[in-house]
Amino acid sequence: MRPPTRPPPKPLRGVSAEPVQPRGPASAADTVERLKSAQETWQSFQDFLDRRMHSRWVFRGCASCEFLCVPSAGRTPNHDPLFEEHLFRAFKREARLHVSLPGATDWDWLALGQHFGLPTRLLDWTTNPLVACFFAVSSDPLDADAVIYAYPVDDTLVINPEGGPGPFEIDRVGFLLPTTTAPRIASQRGLFSVHPRPSEPWMPSGLAENSFVIPRGVRSRFQRKLFSLGIDAAHIWASLEGVCLSLSWQYRQRLGIGAAVF
């Protein structure tokens with residue numbers, strides 16, 4: 001999952017003009033309080049998920065509450081649908097030099113492009129809320145409150161990639177369940193929302209009510225908890241790159257194998 005463009009930075013709040021004095025022994029109490037806050041927030045997150053256990057729910061994690069649901073193709077000024085389609089056709093021509101997808105539809109190619117960074121009219125979602133949580137807490141900016149969105153998908157919203165309209169012919173937002181064209185799609189339990197007007201933020205009814213905010217102060221603790229549950233970059237990316245990203249994170253956190261705890 002790839003977060004939208006970062007919003008302009010806000011002024012720091014509550015910054016004193018006086019020099020900051022060392023906190024000394026109080027820091028131990030602060031650590032205990034932070035741990036308690038992280039545990040309470042994690043439990044609230046579990047309660048949030050327990051109320052959305054039905055398989056129709058899908059999840060999206062964003063690193064900032066200020067990020068809008070705008071696909072990458074719509075984040076540049078003056079979005080041009082024709083130019084977007086030409087870009088996709090160019091991707092298909094070039095990608096065939098690197099990957100073989102016999103019988104692939106345009107939907108398959110578009111999903112593959114999305115996972116490798118092509119600007120598309122797709123937004124990443126997952127059926128696994130822990131995967132959404134990983135993207136929310138591990139992505140930039142790390143100093144913002146993160147958010148996880150939950151959305152119920154019924155049968156009328158599911159796109160038929162075989163007999164229905166193509167990616168550039170749809171006239172309403174729908175959800176695409178892709179074939180496994182890349183290992184990471186399977187490991188992330190991924191699916192996509194498809195947006196016929198990519199430059200318009202998608203704000204369906206009920207999305208705000210079905211969201212969970214992760215305060216910036218507990219994001220690192222959430223990532224450690226996810227790591228202890230087997231949700232890390234090695235699992236998410238399903239590649240050697242993911243393994244190295246996970247080990248690099250462990251190195252920075254000074255975590256040994258199996259040492260990640262709240």
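**Salt bridges**

I began with aspartate 106 and lysine 92, whose side chains meet in a salt bridge at 2.7 Å, N to O (a side-chain nitrogen of Lys or Arg within 4 Å of a carboxyl oxygen of Asp or Glu). The pair links distant parts of the chain, 14 residues apart: aspartate 106 sits in helix H3 (residues 106-115) and lysine 92 in helix H2 (residues 81-95). Helices here are DSSP runs of H or I with at least four residues, strands are E runs of at least two, and both are numbered from the N terminus.

A note on sources: this is a predicted model, where local features need pLDDT of at least 70, side-chain atom pairs count only at pLDDT 80 or more, and totals for chains, interfaces and linings use all residues. Residues are numbered from 1 along each chain as its sequence is written, and side-chain values use heavy atoms, leaving out hydrogens and water.

Next I checked burial (buried is under 20% relative accessible area, exposed over 50%, partly exposed in between, with a 1.4 Å probe and protein chains only). Lysine 92 is buried at 14%, while aspartate 106 is partly exposed at 23%.

I then looked up glutamate 200, which forms a salt bridge with arginine 197, the closest N and O atoms being 3.5 Å apart. Glutamate 200 is partly exposed at 45%, and arginine 197 is partly exposed at 46%. Elsewhere, salt bridges with shared partners join Glu85, Arg89, Lys92 and Asp106 into one network. I found six salt bridges in the structure.
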